[in-house]
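This report describes the fold of one protein for a reader who is new to structural analysis. Please keep the sequence and the three-dimensional view at hand while reading.

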Amino acid sequence: MSATLQSGSVPRDLAAMRIDGDRLLSNLKALAKVGARPDGSCCRLALTDEDRDGRDLVVQWMKDAGLSVSIDPIGNVFGRRAGKNSALAPVMTGSHTDTVRTGGAYDGNLGVLGGLEVVAALNQANVQTERDLVVGIFTNEEGARFAPDMLGSLVYAGGLPLQDALQTKSIDGAVLGDELKRIGYAGTDALGLYRPHAFVELHIEQGPVLDIEGTVIGAVQNLQGISWQEVTIVGQSNHAGTTPMRMRHDAGYVAASIATFVRELTKSMGGDQVGTVGKIDLTPNLINVIAARAVVTVDLRNTDEDLLQEAEARFAEFLKGISASEGVEISTRRLARFEPVLFDQAVVEIIEQQAELLGLSCRRMTSGAGHDAQMLARICPSAMIFVPSIGGISHNPAEHTEPADLLAGCNVLLHTLIQLLNQED
């Protein structure tokens, strides 16, 4: 980040500004009702009818706040509040409103609705900032229906060609471009319409650190690298009772061995290395038949690129060995690969300063999850603000953050953005 991005010229009376907590909580509740399920979860998979309905609701709120709304060809939505000098690069905030199948009320939603509350606070105080403020909703952040995750922000940042993204097939066979048209979000505004001066994303932690420590604000300084692979194992289907163990080519056994290896790999590497086998599909998936085929997903993450590459290499060597020893064919398909991200330290410092001025406890931290901010970091100074997740639970109907912490995070976002919005080039 340029050394010119220092604290802006901010009128002293703005220090007393706060967001409207009742409205924030009410809007979070209203959005959570879109796609609500009987178990208390929320399901708005990307570009489904439920996702469209959630988008429609938030777009209407954007218009009600006086924002100028734009939609680009990958379906990213942007609401712009004009500043004094629209020739200056705008400051952007936002996140996503799509969810996993068993989502909660805050993941992604807080970042978007928190951005709208900043707009509302500025409007109410009749404050005109130097720069435009843009609130974004990025398409398919979760990656639960289309791979990779953070797809909309990745395309926006130039990391994935638009046409490749539009041709992506979902887990249910639908084509992304067709689904954008079907739900009415195949926009015509220019891709990369705004190249931000800075980007700040407010988000729940989705981990236990802040909650356990009793810290209110996380100033996120870096983000883990992510490696997603789909592994396909082809063995031989046979009778579960009559086939001797030594004569088996059991795809199910190899799938289980992969899960065990990934756990042992994380133990042996230690540090920040994590690994997950999140999905296993067996064919023919019958109790008395040796599996002929298995498809396994492997998620490896580390804050250090060299160590992430080491984990990938060790996993590849394991696959080579077990393929030979079990007489099965193994192929892999990369679903996503993102290097670790170091966020802009000057923006992180502003977040820390604003938390301190608001009397809130704050610590620097690493994000273990992927976020749209990591994609925006490719094109502008970026950072994130975390608030606690009770018990570290997310992607779950039990996902919860205390109202006081939600408001604290939004107020830190408000004053961080005020600083950035009043900076000169």
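A residue is called buried when its relative accessible area is under 20%, exposed when that area is over 50%, and partly exposed in between, with a 1.4 Å probe and protein chains only. Helices (H or I, at least four residues) and strands (E, at least two) are DSSP runs, numbered from the N terminus. By these terms, strand S2 (residues 77–81) is mostly covered, since four of its five residues are buried.

The structure is a predicted model, in which local features need pLDDT of at least 70 and side-chain atom pairs count only at pLDDT 80 or more, while totals for chains, interfaces and linings use all residues. Residues are numbered from 1 along each chain as its sequence is written, and side-chain values use heavy atoms, with hydrogens and water left out.

## The protein as a whole

The protein contains twelve helices and 15 strands. Its C-alpha atoms fill a box of roughly 80 × 45 × 40 Å along the principal axes. The radius of gyration is taken over C-alpha atoms, and the globule rule is 2.2 Å times the number of residues to the power 0.38. For 425 residues, a compact globule would have a value near 22 Å, and the 23 Å of the protein agrees with this.

Of the 425 residues, 55% count as buried. Accessible areas come from the Shrake-Rupley method with a 1.4 Å probe, and for residues only the protein chains shown count as cover. The accessible surface comes to about 17500 Å², and carbon and sulfur atoms hold 48% of it. A contact means heavy atoms within 4.5 Å. Among contacts with a separation of 6 or more, 80% are between residues 24 or more positions apart.

## Strands and their partners

Two strands pair if DSSP finds at least two bridges between them. The table lists several pairs.

| Strands | Sense | Bridges |
|---|---|---|
| S1 (residues 68–71) and S2 | antiparallel | four bridges |
| S2 and S4 (residues 133–137) | antiparallel | five bridges |
| S5 (residues 198–204) and S15 | parallel | six bridges |
| S6 (residues 217–223) and S15 | antiparallel | three bridges |
| S7 (residues 225–234) and S11 (residues 293–302) | antiparallel | ten bridges |

Strand S2 has partners in both S1 and S4. Ser68 stands opposite Arg80 in S2, and Gly79 stands opposite Val135 in S4. The hairpin of S1 and S2 has five residues between the strands, and Gly75 there takes a positive phi near 90°.

Strand S15 (residues 382–387) is mostly covered, with six of its six residues buried. Ser382, Met384 and Phe386 point one way from S15, while Ala383, Ile385 and Val387 point the other way. Val387 is the bridge partner of Ile204, and Ile385 stands opposite Ala219.

A further group of four strands forms an open antiparallel sheet in the order S9-S11-S7-S12. Its edge strands are S9 (274–283) and S12 (329–338), each of which pairs on one side only. Axes are lines fitted to C-alpha atoms, for helices over the stretch in contact, and angles run from 0 to 180 degrees between N-to-C directions. The twist averages 15° from one strand to the next. Within this sheet, Ile233 stands opposite Ala294 in S11. Helix H9 (residues 305–326) lies across S7, S11 and S12, and runs at about 165° to S12.

## Helix H3 and the residues around it

The expected span of a helix is 1.5 Å times one less than its number of residues. Helix H3 (residues 109–124) has 16 residues and reaches 22 Å from its first C-alpha to its last, close to the 22 Å expected at 1.5 Å a residue. Of its 16 residues, 14 are buried. Asn123 lies in H3 and is partly exposed, at a relative accessible area of 34%. Not counting residues up to four places away in sequence, Asn123 touches Ala65 and Arg81.

The loop between H3 and S4 holds Asn126, which has a positive phi of about 55° although it is not a glycine. Asn126 counts as exposed because its relative accessibility is 70%.

## Two cis peptide bonds

The peptide bond from Ala147 to Pro148 is cis, with omega near 5°. Pro148 lies in the loop between S4 and helix H4 (151–156). Another cis bond joins Thr283 and Pro284, with omega about 10°. Pro284 is in the loop between S9 and strand S10 (289–290). That loop also holds Asn285, where phi is positive, near 65°.
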